[in-house]
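This briefing is for a reader new to the structure. Please look at the sequence and the model first, then read the points below.

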Amino acid sequence: MDLIKNEYNVILDRKDKKEEGSYTAYLFEQGIDKILKKVGEECTEMVIAAKNNDKEETVYEVTDLIYHTLVMMANQGITPEDIEEELQKRAEKRGNLKQFHQVDKNS
């Protein structure tokens with residue numbers, strides 16, 4: 001998690017300094033719609049790479065997805081600690097079978 005926290009801090013720094021030529025600063029300038037578009041694109045690319053059973057490409061796309069998700073988090077004021085807290089809550093529930101909603105895939 002330290003690498004993610006470090007990357008998040010770099011993203012915050014680029015957000016604050018608005019360095020010219022910085023892709024991260026560009027994303028913040030463009031706003032949430034652009035950031036979310038990139039998150040969606042990277043998610044789709046990750047799914048395709050995994051579906052193609054291409055480990056190297058999947059790792060690359062997962063990394064892109066994590067980066068763009070961190071940018072979205074920084075934009076929304078969500079910290080890695082917020083995510084750790086939620087993961088901890090979920091870890092405490094392990095072993096408890098959840099009741100899932102039945103979804104009618106025909107509707």
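Ile11, Arg14 and Lys15 in helix α1 meet Thr24, Ala25 and Phe28 in helix α2, where contact means heavy atoms within 4.5 Å. By class, this contact of α1 with α2 has three nonpolar, one polar and two charged residues. Ala, Val, Leu, Ile, Met, Phe, Trp, Tyr, Cys and Pro count as nonpolar, Asp, Glu, Lys and Arg as charged, and the others, Gly among them, as polar. This is a predicted model in which local features need pLDDT of at least 70 and side-chain atom pairs count only at pLDDT 80 or more, while totals for chains, interfaces and linings use all residues. Residues are numbered from 1 along each chain as its sequence is written, and side-chain values use heavy atoms, with hydrogens and water left out.

**The chain as a whole**
- The protein chain has five helices and zero strands; helices (H or I, at least four residues) and strands (E, at least two) are DSSP runs, numbered from the N terminus.
- Of its 107 residues, 22% count as buried, meaning under 20% relative accessible area with a 1.4 Å probe, protein chains only (exposed is over 50%, partly exposed in between).
- Among the contacts with a separation of 6 or more, 60% are between residues 24 or more positions apart.

**Helix α1 against α2**
- The axes of α1 and α2 come within 8 Å and cross at roughly 65 degrees; axes are lines fitted to C-alpha atoms, for helices over the stretch in contact, and angles run from 0 to 180 degrees between N-to-C directions.

**Helix α1 against α4**
- The axes of α1 (residues 2–17) and α4 (residues 55–76) come within 10 Å and cross at roughly 55 degrees.
- α1 and α4 are therefore oblique to each other, a class for angles that are not under 35 degrees (roughly parallel), over 145 (roughly antiparallel) or 65 to 115 (roughly perpendicular).
- The α1 residues Ile4, Glu7, Tyr8, Ile11, Leu12 and Lys15 meet Tyr67, Leu70, Val71, Met73, Ala74 and Asn75 in α4.
- By class, the contact of α1 with α4 has nine nonpolar, one polar and two charged residues.

**Helix α4 and its buried residues**
- Buried residues of α4 include Thr58, Leu65, His68 and Met72.
- The cover over the buried residues of α4 includes α1, α2 (23–30), α3 (32–51) and α5 (80–92).
- Thr58 has a relative accessible area of 16% and touches Ala49 and Ala50, not counting residues up to four places away in sequence.
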